[in-house]
Protein chains: 2
Amino acid sequence: MVLSSFVPVSQESHFPIQNLPFGIFSSSAKPERRVGVAIGDYVLDLSVLVQAGLLSIEGCAGDVFAQSTLNDFMGLGRPVWKATRDRLQQLLDSNNAELRDNQAVRDQALVPQSEVTMHLPANIGDYTDFYCSREHATNVGIMFRGKDNALQPNWLHIPVGYHGRASSIVVSGTDITRPAGQRITPANKSQPIFATCAKLDIELEVGWFVGTGNKLGERVEIKDAKDHIFGMVIMNDWSARDIQAWEYVPLGPFLGKNFGTTISPWIVTMDALEPFLVDGPAQDAPEPLPYLKESQPSAYDVHLEVQLKPAGSAKTHTVATSNLKYMYWSVTQQLAHHTVNGCNLREGDMCGTGTLSGPNESEYGSFLELSWNGTKKLNMEDGVERTFLEDGDEVNLTGYCTSQEGYRIGFGDCRGKILPCPYQ
Amino acid sequence: MVLSSFVPVSQESHFPIQNLPFGIFSSSAKPERRVGVAIGDYVLDLSVLVQAGLLSIEGCAGDVFAQSTLNDFMGLGRPVWKATRDRLQQLLDSNNAELRDNQAVRDQALVPQSEVTMHLPANIGDYTDFYCSREHATNVGIMFRGKDNALQPNWLHIPVGYHGRASSIVVSGTDITRPAGQRITPANKSQPIFATCAKLDIELEVGWFVGTGNKLGERVEIKDAKDHIFGMVIMNDWSARDIQAWEYVPLGPFLGKNFGTTISPWIVTMDALEPFLVDGPAQDAPEPLPYLKESQPSAYDVHLEVQLKPAGSAKTHTVATSNLKYMYWSVTQQLAHHTVNGCNLREGDMCGTGTLSGPNESEYGSFLELSWNGTKKLNMEDGVERTFLEDGDEVNLTGYCTSQEGYRIGFGDCRGKILPCPYQ
């Protein structure tokens, strides 16, 4: 018998009782930011449950749910996260009368999602972006170095990653301003011009949040890595390809990336994702070094979509679909690698997976790949064409797991619209 | 007549009344972190001055000096920083009786530096590291690509920078654990081994703190850039050269850097450094793009030193000296570049200049350069030899400006000792 809630949840909803992702919200009726979980079309306000005496978790002071970020809750560790989620499932269960039949608390605790503002779920101290899709790295490699040297020599040994900018991470729905910067033109490859970005792109990624961190100088072994991860979001690593191409040698992407990174507001917990663990790509040629070796399935079967609503168009097009399970290096490998030198992670830190492309052309997670660096037009059925993004374009990235019983463990939306550059 | 304080200040002190750098300290007598300025061998406790009614600055709530970071004070802007510093100079002036003759407040407000613990001066939201010394970039280029391609094509057009790790920034005096990681050996350049770092290095840098930030999507013009900078510290960007060499293509340094970055605790303000502005290197071949063009002197004449106390040795050796004035791209160019795409900076963010090497071999700011990637031994007068750092080695980076009157505007110490890697 599948668990179900007295809160109505449609078949296509991303937020059934089996999900219960955590987020930070406010409402016009109560502008203080606080912790909620998504259930159907509602947000369940955990601070109200605490006040009503319905949510009391061992090892968890009730006031963590009245805070404006999830950091303190994250720092309490996986047993507390799990106990909280278990209790919330119990409270939302259609067979449990505690909340179901307490209309006064229900009225206060269940807020329609249409009435809330979602905020960044955590104070993100550091943000790291990985580059863990073999298909994406190969596509980019073929484009810029040719087929024979597509993957760099280190790629199959290291979950390649680099530090990103935390200040410009924004929550779904925030507009993104087209950046300007230095770039070169085909006419003169040694004298840059200053201009607005002409190759504005997305990257379809998943972001994962560090729950409990580690001390500087210590490492997290791969067998323990999952317990340090609070959960996942969908992430759009907006990219200015022309700025990036000129600046990135030798120290990596900088202004080509740090003008904006959008995340979906709801963090889907590792416990909710656990039923969707699958084997990832084989890692046998070469085998990873021992500190990166997984002993159990560590990929997640999450269907992903790139949706584009072109400027002036009324229609939203799905321009690509992909899946998190294609990713070569798992999130636990990423975490073990990140800390193997003693680098400290802190609660609320976020890591991106890198662009999640699949093996087929319809599964490429960036316009760079979909348009093969602008050489191929994407033709949409209403006559709209694109290579890269134009001002006014709106992109939504989304994803979900589908259970055998048919319900979805979803991530909601990761949405952003391109504003023109205000400078000349 | 040179301003002087009733607090004794030796000729060699880094902290005369003309300096007054800001920092965060605590003491065993009063363990709360709070704001102080350095004067001679003392810390002046600003929270005590506020309580005593001696420090009241327009636009500045007194409780900002009782806080555990400088972020809120930084956010108030340069006129408030300047008014505060002016008032402190007035209070410390030997001709002013207000504090001088108030023994009760003096006893409370002036704490010997030997009795305090210094902390990170700010909550550093984001940390960016630049690569702005032409001499350093050239040396590294010659070593790894040969003389003809020493500088990358973008280097003379862009203050090249990349994002660093904020979590592992530590204050002077914190031990640094030797990292382990993947690296290749000369015997097999395609199959990495896992081992402790064999090329542990320093980078002599200056760090600058963002005071007032900018909104996402907006930029800071170069003419306004200096007003956004709160001040400078000395920074040691510890580097694991062998880990870095294997990992850094194509996205830049990651684990080779993020195991630790040390900064000196006192932030020397831009107002204190103003008298030491000089012309920087000529930028005429090529000229920078207009958004990077300086209209006034923008380099600072700051003498820098690298001091090494080898493991087991009683002696400290000055292994290199350099100067901030050699730097090709100024800090104001760095800030203008960082924001030109709309990237938002926040109060408390820190940027490093990159290794500050000078034109002479004795002025190289890293062991990579001093030992020419391990091919040349540094011989110290007591028979100690080094290429890279060994366990137990202690490094101190320091620097100061010297005024025409002979006093020093100094940065104090940026010190760290290497601990062995605790893992096999």
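Visitor: Why is the pair A:K315 and A:E381 called a salt bridge?

Guide: In this predicted model, the side chains of A:K315 and A:E381 meet with N and O 3.6 Å apart. The limit for a salt bridge between a Lys nitrogen and a carboxyl oxygen of Glu is 4 Å. The value of 3.6 Å lies within 4 Å, and therefore the pair qualifies.

Visitor: What makes this a link between distant parts of the chain?

Guide: A:K315 sits in the loop between strand 20 (303–309) and strand 21 (317–323) of chain A, and A:E381 in the loop between strand 23 (378–379) and strand 24 (385–386) of chain A. The two residues are 66 residues apart.

Visitor: Why are A:K315 and A:E381 described in separate terms of exposure?

Guide: A:K315 has a relative accessible area of 35%, and A:E381 has 64%.

Visitor: Are A:R415 and A:E394 buried or partly exposed?

Guide: A:R415 has 30% relative accessibility and counts as partly exposed. A:E394 has a relative accessible area of 21%. Buried means under 20%, so A:E394 is partly exposed too.

Visitor: How many salt bridges does the structure hold?

Guide: Over all chains there are 54. Some join into a network, one of which links A:R78, A:K226, A:D227, A:D271 and A:E274.

Visitor: How do you know that A:R78 and A:D227 meet in a salt bridge?

Guide: The side chains of A:R78 and A:D227 come to 3.2 Å, N to O, and this is within the limit of 4 Å.

Visitor: Into which domains is chain A divided?

Guide: Chain A has domain 1 (22–119) and domain 2 (127–419). Their C-alpha centres lie 30 Å apart. The contact takes 19 residues from domain 1 of chain A and 20 residues from domain 2 of chain A.

Visitor: What area is buried between domain 1 of chain A and domain 2 of chain A?

Guide: About 1600 Å² is buried, and carbon and sulfur atoms give 66% of this area. A:F22, A:M74 and A:R78 supply 41% of the area that domain 1 of chain A buries against domain 2 of chain A, more than any other three residues.

Visitor: How many salt bridges and polar contacts cross between these domains?

Guide: Three salt bridges are found across the interface of domain 1 of chain A and domain 2 of chain A. Four residue pairs are in polar contact, with both residues at pLDDT 80 or more. Elements giving at least two residues to the side of domain 1 include strand 1 (22–27), helix 2 (71–74) and helix 3 (78–92) of chain A. Helix 3 of chain A gives the largest share, four residues.

Visitor: What makes up the contact between chain A and chain B?

Guide: Chain A gives 61 residues and chain B gives 60 residues. About 5800 Å² is buried between the chains, with 59% from carbon and sulfur atoms.

Visitor: Why is the pair A:R165 and B:D349 called a salt bridge?

Guide: The closest N and O atoms of A:R165 and B:D349 are 2.6 Å apart, and the limit is 4 Å. Across the interface of chain A and chain B there are four salt bridges and 31 residue pairs in polar contact. Among the elements of chain A that give two or more residues to this side are strand 10 (180–185), strand 11 (188–196) and helix 9 (331–339). The largest share, five residues, comes from strand 11 of chain A.

Visitor: Which residues touch the most other members of the largest nonpolar core?

Guide: Of its 150 residues, A:M232 and B:M232 do. B:M232 touches residues including B:W208, B:W266, B:L273, B:Y300 and B:F411.

Key. Residues numbered from 1 in each chain as written. Chains lettered and ligands numbered in written order. Predicted model: local features only at pLDDT ≥ 70, side-chain atom pairs only at ≥ 80, totals over all residues. Heavy atoms only, no water. Core = buried A, V, L, I, M, F, W, Y, C linked by side-chain atoms within 4.5 Å. Buried < 20%, exposed > 50% of the residue type's maximum accessible area, 1.4 Å probe, protein only. Contact = heavy atoms within 4.5 Å. Domains from an automatic or database assignment. Buried area = accessible area lost by both parts, 1.4 Å probe. Polar contact = N/O pair within 3.5 Å; in protein donor to acceptor, adjacent residues only side chain to side chain. Lists of a residue's contacts leave out its neighbours within four places in sequence.
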